Amino acid sequence: MRAFWKYLLLILMTLVILGGLIPPIVAYPKNFFEFPLIPGLEDKARIIFFHVPTAWLTVLAYLIAMFYGIRYLKKKNIYDDMKSVSAAALGLVFCILATVTGSVWAKFTWGSFWHWDPRETSIFILLLIYGAYFALRSALDSEEKRARLSAIYSIIAFLTTPFFIFIMPRLMIGLHPGSLEIDPATGQIRASANPVIKFQMAANMRVVFFLSLTAFTILYFWFWNLTHRILKLEYNSQKEI
Amino acid sequence: MKRAYYIFYKDFSSELRMRFALNALIMFVIVAVSTILFSLANEKVNQNVYAGMFWVVVFFSAMSGLSRTFVSEEERGTTLILSLIANPISIFIGKFLFNLVLLFFINTIIAFLYMILFQDFSIQNWDSFLLAFILGNIGIAGSSTIIAAIISKANVKGTLYPVLAFPVLLPLILMLIEITKSAMEGNPISDVEAELMVLISYDIIMITASVLVFDIIWRD
Amino acid sequence: MNNIQLIVKNLKKTFNRRLVFDKLSFEVRAGERLVITGKNGSGKSTLIKILAGVMNESSGSFEYIFDSGKIDREDIYKIIGLVSPYLVLYDEFSAFENLKLFAKIRNLKIDDDKINQILEKAGLFNRRNDLVRTYSSGMKQRVKYASAILHDPLVLLLDEPTSNLDIEGKDFVDELVQNFRKDGIVVVATNETQDFKYGQRIINLDDYKNNQSK
């Protein structure tokens, strides 16, 4: 079974890398392997296959870390805390990847590394929360306390997300596809009318995109599985009598 | 509720005798406001900057004082006697009330200093500013109290507090700045109705959640 | 008939990876006095804190049954009184103020006379209005006794009950334990052989270090 997932991941990743980088981008695609040209993006549109999955995993990792945190609080099983912390550690890695790939790309497309658009701000806040989570953990010396308090903190920090979703479009201009903005006439939140932001993927791009999401998710679970098993082994080997 | 009140009363009279938080807080406010005063002297800055500056000082003064309620119990070792005489919910509410009163006191001082020292910090719509001030204080006190409970169990308390509190308080502070800007421009309160509703729901969600999880933090 | 009972089942406590005790089971009925002993670091204080409901056990359970009903975790503090060296009172208040505050926070219907009475019994009446921080360690220990019996608890948990006390103080403890309500429970954690007299039964925590669990 494990071998199956590894081979699947190998095949998917190869497909995603080839499918993401090779197909030419042309103004009027005729063949299934050609991607349509988006004015202002050109070849830079390819980032969507690699950048979006990292951002998605950042969020997924947080949810997993919180889920196992809550499970620890319920069952007091230290292995749940190991799952929680290794999910969060990978989340932090992917958070940094998403931030770096995004801001390098932004430099070439939007003109500077950072713009404080809603998604950039969200990932920055997530980075702060991950940072705070690990700062808290390193300041707690007993295992039980560390597990308990970091789980609580992840819950409290999570509770602020609905507020950010409300505030962001009011404070900043969205540059990412699918951004929301405030309609100046009515004050209601609506989808942006800007052509780049309205950008929708062509069918063949969407296939590669979802393959990529799947591949990265499998990659994430594989890493996560390895890291929390390593933690468990370390823990058991150190167990004093 | 009565128990919570007496825990508040205990902290209050203890504060009057010991000044765990108050002296440091007042000094902090004076230092922070005068730093801003010096750095902005003779500069013409956008009025909006003051709205932001006001809440920044409020945030950092909260960070310098509000952790004392729990940290001083933990440092002096009185956590045990406290948990022997009251249940966690009353303890949390008592501590929250104490922080709330402290915050109102200190923020009123900050607001007063801003009004007399900065000509440009003039509130045109008092209704929306006062509502934001009250709801904001409740929210800041709620989140700060629960984060204070968490860090009182940690080894390095001082630096950890703002690090943990910032992401949690950020949405609140951003909204407060927006409302204050609007109040300074003299816009009607209906303009910030949605923001005020969000403030109310923030306060309710954070305080309810804190009451629910405090028990887990409190018992070793 | 008020009937309190303490039932401990398979209690286990670990700190990080260090086992403190395991498979600890016992029962204490109303009127019984139990002594817990063991080497330094054997977990006497830990057990007392767990029984006081202020520390979590790692696994297993303990419960106080009163009139065949289980007392909620949240409410344990109402029925126990605890005295121990690591208990610290609010030293910016006087003994009287401490007790008065505790009575208020506990929501007890106690007037100042009753508090003075308790202070008198503990031999603190003359200095009841001095700040606790000016007290000697023996006097602090007496204030702890006063605060432990303030709410007339059903269960008395005493950790090293006679530490810091002079002969007079020890007599006070003797009397307190002997005259403690007959329908109540006293648990004493101690290493002093002279304190063993308080109990009818002795549990040695060193017998619960069994670590073949794996």
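Helices (H or I, at least four residues) and strands (E, at least two) are DSSP runs, numbered from the N terminus. With that term in hand, take Gln200(A): this residue lies in the loop between helix H7 (195–198) and helix H8 (203–238) of chain A. The model is predicted, so local features need pLDDT of at least 70 and side-chain atom pairs count only at pLDDT 80 or more, while totals for chains, interfaces and linings use all residues. Residues are numbered from 1 along each chain as its sequence is written, and chains are lettered from A and ligands numbered from 1 in the order in which they are written.

**Chain A**

- Chain A has eight helices and four strands.
- From the N terminus on, its elements run α-β-β-α-α-α-α-α-β-β-α-α.
- A residue is buried if 20 or more other C-beta atoms lie within 10 Å of its own, exposed if 12 or fewer, and partly exposed in between; the C-beta atoms are placed from the backbone.
- Buried residues make up 30% of the 241 residues in chain A.
- Gln200(A) is exposed, because it has 11 other C-beta atoms within 10 Å.
- Gln200(A) and Ser237(A) are 37 residues apart along the chain. Their C-alpha atoms are separated by 52 Å.
- Two residues are in contact if their C-beta atoms, placed from the backbone, lie within 7 Å.
- Of the contacts in chain A with a separation of 6 or more, 67% are between residues 24 or more positions apart.

**Where chains A and B touch**

- The contact takes 25 residues from chain A and 24 residues from chain B.
- On the side of chain A that touches chain B, helix H4 (118–138), helix H5 (143–158) and helix H6 (161–171) of chain A each supply at least two residues.
- H5(A) gives the most to this side, with eight residues.
- By class, this side of chain A has 21 nonpolar, one polar and three charged residues.
- For these classes, Ala, Val, Leu, Ile, Met, Phe, Trp, Tyr, Cys and Pro count as nonpolar, Asp, Glu, Lys and Arg as charged, and the others, Gly among them, as polar.

**Chain B**

- Chain B has nine helices and zero strands. Its elements run α-α-α-α-α-α-α-α-α from the N terminus on.
- Of its 220 residues, 51% count as buried.
- The C-alpha atoms of chain B fill a box of roughly 55 × 35 × 30 Å, taken along the principal axes.
- A compact globule of 220 residues would have a radius of gyration near 17 Å; chain B has 18 Å, which agrees.
- The radius of gyration is taken over C-alpha atoms, and the globule rule is 2.2 Å times the number of residues to the power 0.38.
- Among contacts in chain B between residues at least 6 apart in sequence, 86% join residues at least 24 apart.
- Helix H7 (residues 126–151) of chain B has 26 residues. From its first C-alpha to its last, H7(B) reaches 36 Å, close to the 38 Å expected at 1.5 Å a residue.
- That expected span is 1.5 Å times one less than the number of residues in the helix.
- In H7(B), 21 of the 26 residues are buried, so this helix is largely enclosed by the rest of the structure.

**Strands of chain C**

- Two strands pair if DSSP finds at least two bridges between them.
- An open sheet of four strands in chain C has the order S2-S1-S4-S5, with antiparallel pairing.
- Strand S2 (18–29) and strand S5 (69–70) of chain C stand at the edges. Each has a single partner strand, so one side of each is left without a neighbour in the sheet.
- Strand S4 (residues 59–66) of chain C pairs with S5(C) in the antiparallel sense over two bridges. Phe66(C) has Gly69(C) in S5(C) as its bridge partner.
- Strand S6 (residues 80–83) of chain C is covered on both faces. Ile80(C) and Leu82(C) are buried on one side, and Gly81(C) and Val83(C) are buried on the other.
- In a regular strand the side chains alternate between the two faces of the sheet.
- S6(C) pairs with strand S7 (residues 155–159) of chain C in the parallel sense over four bridges. In S7(C), Leu158(C) is the bridge partner of Val83(C).

**Positive phi in chain C**

- Most residues other than glycine have a negative phi, and most peptide bonds are trans.
- Lys23(C) has a positive phi of about 55 degrees although it is not a glycine. Lys23(C) is found in strand S2 of chain C.
- Asn107(C) also has a positive phi, near 65 degrees, and is a residue other than glycine. Asn107(C) is in the loop between helix H3 (95–106) and helix H4 (112–121) of chain C.
- Lys23(C) counts as partly exposed, with 14 C-beta neighbours inside 10 Å.
- Asn107(C) counts as partly exposed, with 14 C-beta neighbours inside 10 Å.
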